[in-house]
Each structure stands twice: as structure tokens, then as C-alpha cells.
Amino acid sequence: MGSEKVIEEKNQGQALLTDHKEGNNKKLYIESYGCQMNLNDSEIVASILSEEGYNTTHLIEEADLVLVNTCSIREKAEQTVRKRLQKYNAIKKINPTMKVGVLGCMAERLKAKFLEEEKIVDLVVGPDAYRDLPNLLQEVSSGRDAINVILSKEETYGDVAPVRLNSNGVSAFVSITRGCDNMCTFCVVPFTRGRERSREPKSILDEVKQLSEKNYKEITLLGQNVDSYLWYGGGLKKDFKNASEIAKATAVDFAQLLDMVATAFPKIRIRFSTSNPQDMSLNVIHTMAKHENICKYIHLPVQSGSTSVLKRMNRQHTREEYMELIDHIKKIIPDCAISQDMMTGFCGETEEEHRDTLSLLEYVKYDFGFMFAYSERPGTPAAKKMPDDIPLDVKKRRLAEIILVQQKHSLLRLKQFVGKTVEILIEGSSKKSDAHWKGRNSQNAVAVFPKGNEKIGDFVNVYIEDCTSATLLGKRV
């Protein structure tokens, strides 16, 4: 399973559709795989290409340009993209003028492979080079391969208003940082998305304002690691120490940004993702407690419950420090929901270290979680220095044990809402029944209830009568 920042399964690889722009006569087909950052990036790409005469289409056969926005986090995502490229190749035989481009994280990692070996791909564009697309397309139309995977220190796309794609019109994602400085040994992100830099607070507030004017009811502030957001006039987070005294004194951190957004837009629900335990400050938790409109939910990946494994993963905290942070959250926001990312079978993991993870799960009793077995990613420090030495059957057994404990806690947490009335933001019809609405409460729990005269985007009070291990069931009060 992915984490909250992973695009929902059903949206993986879906063609993006935007409003038709008069006068645009070229057709763009764009698919996204991987995390929510990628979906957000596809929206930025659609916006840039819309100025170049492209409207989006969901019919791949008629496209002038096909782009696939890729992910390097897990092997499965890479295999999926390779399969898609083979399909594009078949379509190219029917429509030889069609151009194919690979965007995003895999582009950075496999640039040479794509152009030389695959021969299907005409252009390769890394996550920081989307503004260069018009030039790259000119190169391609002159018959040359085009490639730009240079990672930038400045690019945050702060001034490109993303075209909201496939949106429910209710909730939207707003990127606040790009890149990551945390060199977790299992992760490829710092190599594919570059060093961490933050986006100017004013451009973030402007984007939220535009969304508010379009009647969006919920926004998620998005970053590889939102807690280390730091704006001091631009530049990389790691260079902050060299900033002038005035820049340091007027810098904005994540708690302050959260406070600014929540204060400016009291009617909008605010979420954020993803948090990193080593960077989360008590100020952030106090800011959440202070504002009614900040959702009482934190996605707090830990990856392992064992200090020795955390050390091998280069996570900058211990088991005890993580537990202390959990204690603070529960004390300051007693009704806060907490979810996890858990990785089992990392290099050298012993049975005792695995039991540490199970006992951490029992300690925290997470509301839900995203659990997966470790799969080695080429180019990461772990792949270079540590053998992936846990047999697959052991990984699978440990994963099954973790999932079992989590399912028990998910049910326990949802049962807390039975017999209570909660505020739900309606996101759409229930997957299983058109006669029911589905939406989420502040704690990110999904609720389903019979439709009345409400509409998508309404906040309604729902009395919870029952629950399954994944869904609250109720009726409107």
C-alpha cells in the first residue's frame, strides 16, 4: 500500500481532463503515477502547455503529445510505466506523428535508458524542468530528442496556477515545498526531486484564495516533508544558516504558515501531508489545537518501531522520541487521529526488531496506516551499501502480522465515533451505492449516509450508527 500522499488506486494512470480553451488546436494526453505531488505536477504541466495551444484529451489515439508522469518510489510503479510505454509504441504505429514524453522522478533516474534503449520516448523532463517544455517540444518537432532533468535550487512553480484536473471541486492540493533533504537510506526522492526549497507564503495564500473563490471547501498543504517548510526570501533550506540576520528574523516556518492560512480562510478545512517526526515542532501541534478549521489528523510516518532499524534507515529520531511526540499530540489534541507508514523487512531486520514495530503499533493504536514490505530502489544508499537480505516469505509474514494489528486498531478507532454526531464534508457519491453520499470528518475517517437534498461540497452533521473496519455508517441529523 502507498501512503496518503499516493494517488488513490483508481486515479493512478487516469487521463487528466481540463477545461477546453478556445483556439487551442493541439491535443495533450497526460497520465500520472505515484504520489500526490505528481498529480499536482501534472496540473502545472497542463497549465504551461495550455499556453502553448494544447487542450487535454482522454482519447490517447487522437493525441499530438502523450506525457506520462512517473514515480520511482517502488518497483511496481516503474513496471507499470514501462508497460504503458509499450502500449504507446503500438499506438505510434497508427499515429506516427504522436510524440511521447516521460516526466517526473523516473525521468531523472532513467534518462539515458529511455532515450537510447526504449526508442519510444521523444522527450524526458525532470520535476524541475517543466517550464522548459515549450523549448523541448520545439527541439522534438525539429526531429531531435530532447532532455532536461537538471534539478534546480529555486524552482517551486509558485507563479504557475495549476489547472485543477479530475477534481471533485471540493478539495485541492497546494504544494508548499519541493524536494527533500532527509537522506533516508531507502528513499530515492532526494535524488529525483532534488534539495528542499520552500515556496513563498504569499504565493501559497494567493493560490488558496483562488481556490476559495472557486468554492473549494478543503485544501491540503503538500510537501515531501511539510514540517521543515522554511521561507526566508528564497533558496535552499540547507543554506538558511548563511542567511542575513533580518532574513532569519523574518523567516516563516511551518507552524506560522499553517496559522496564516487557517486565519485567512476560517471557512476552509485545512489538512497537510506529509509530516516527518524529526521535524515536527510542538508549535505545529499547538497551532492545530488553536484553529477549529485545521483538521484533527496527522499522517506521521515512522517506518519502523525499532531504534536500531531507524538508525540504519537514517531516520533522525529514536523509538522513544517518536513515542514522546505521540504523547504530546494526544495531550494537546486529545481527539487527533494519527496514521502511519510502516515498512517491514528492511535490510538486516531481526525478529526482535520486528516485535519492536508490533509493540509500537500497540502503543500508538493508529487510526489507519499504509504498510508495505521493503523493496530495494536502485541508486539509494541502502541499495549501494546494505544487502536486501530478508527472504520474501519472511517479509510477507511480518507484513501480515503488522496489517492484522492495524486492522484491529482501525476498527477500535472508528468505534469511538459510533453514537456521536460528526461534521462531514460531502465529497461525492458512495462507491457502492448511488443512494448514499460519502465524505470525511476532521479525523479523516470516511462516512457514508443516505442522500437527502444535500449537494457535493456541503458540510453536514451526521449521526454515526455503526461502522465497519474502514467506514462510518450513519444518517444526517
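This is a predicted model: local features need pLDDT of at least 70, side-chain atom pairs count only at pLDDT 80 or more; totals for chains, interfaces and linings use all residues.
User: How many salt bridges does the model contain?

Analyst: Side chains of opposite charge can pair when their charged atoms come close. The criterion applied here is a side-chain nitrogen of Lys or Arg within 4 Å of a carboxyl oxygen of Asp or Glu. By this rule, the count of salt bridges is 32.

User: Which residue forms a salt bridge with Arg197, and how far apart are the closest N and O atoms?

Analyst: Arg197 belongs to strand S9 (residues 197–198). The partner sits in the loop between strand S5 (123–125) and helix H5 (133–141), 69 residues apart from Arg197, and the pair thus links distant parts of the chain. The partner and the separation of the closest N and O atoms are Asp128 and 2.5 Å.

User: Are Arg197 and Asp128 buried or exposed?

Analyst: Residues under 20% relative accessible area are classed as buried. Arg197 has a relative accessible area of 1%, and Asp128 has a relative accessibility of 6%. Because these values fall under that cut-off, Arg197 is buried and Asp128 is likewise buried.

User: Which backbone nitrogens does the side chain of Ser152 reach?

Analyst: Ser152 lies in the loop between strand S6 (146–148) and strand S7 (171–175). Leaving aside residues up to four places away in sequence, Ser152 touches Asp128 and Arg197. Its side chain reaches two backbone nitrogens, at 2.9 Å that of Glu154 and at 2.7 Å that of Glu155.

User: Which helices hold Arg312 and Glu353, and how many residues apart in sequence are the parts that this pair ties together?

Analyst: The side chains of Arg312 and Glu353 meet in a salt bridge, at 3.0 Å from N to O. Arg312 is in helix H11 (residues 307–312) and Glu353 is in helix H13 (residues 351–364), so the parts tied together are apart in sequence by 41 residues.

User: What is the relative accessibility of Glu353?

Analyst: Arg312 is partly exposed, with a relative accessible area of 24%. Glu353, by contrast, counts as buried, and its relative accessibility is 7%.

User: What separates Glu401 and Arg397 along helix H15?

Analyst: Glu401 and Arg397 form a salt bridge, with the closest N and O atoms 3.0 Å apart. Glu401 is partly exposed at 29% relative accessibility, and Arg397 is partly exposed at 34%. Because the two lie four residues apart in helix H15 (residues 392–415), their separation is about one helical turn.

Conventions. Residues are numbered from 1 along each chain as its sequence is written. Side-chain values use heavy atoms; hydrogens and water are left out. Buried means under 20% relative accessible area, exposed over 50%, partly exposed in between (1.4 Å probe, protein chains only). A polar contact is a pair of N or O atoms within 3.5 Å; within protein, one must be able to donate a hydrogen and the other to accept it, and residues adjacent in sequence count only if both atoms are side-chain atoms. Contact means heavy atoms within 4.5 Å.
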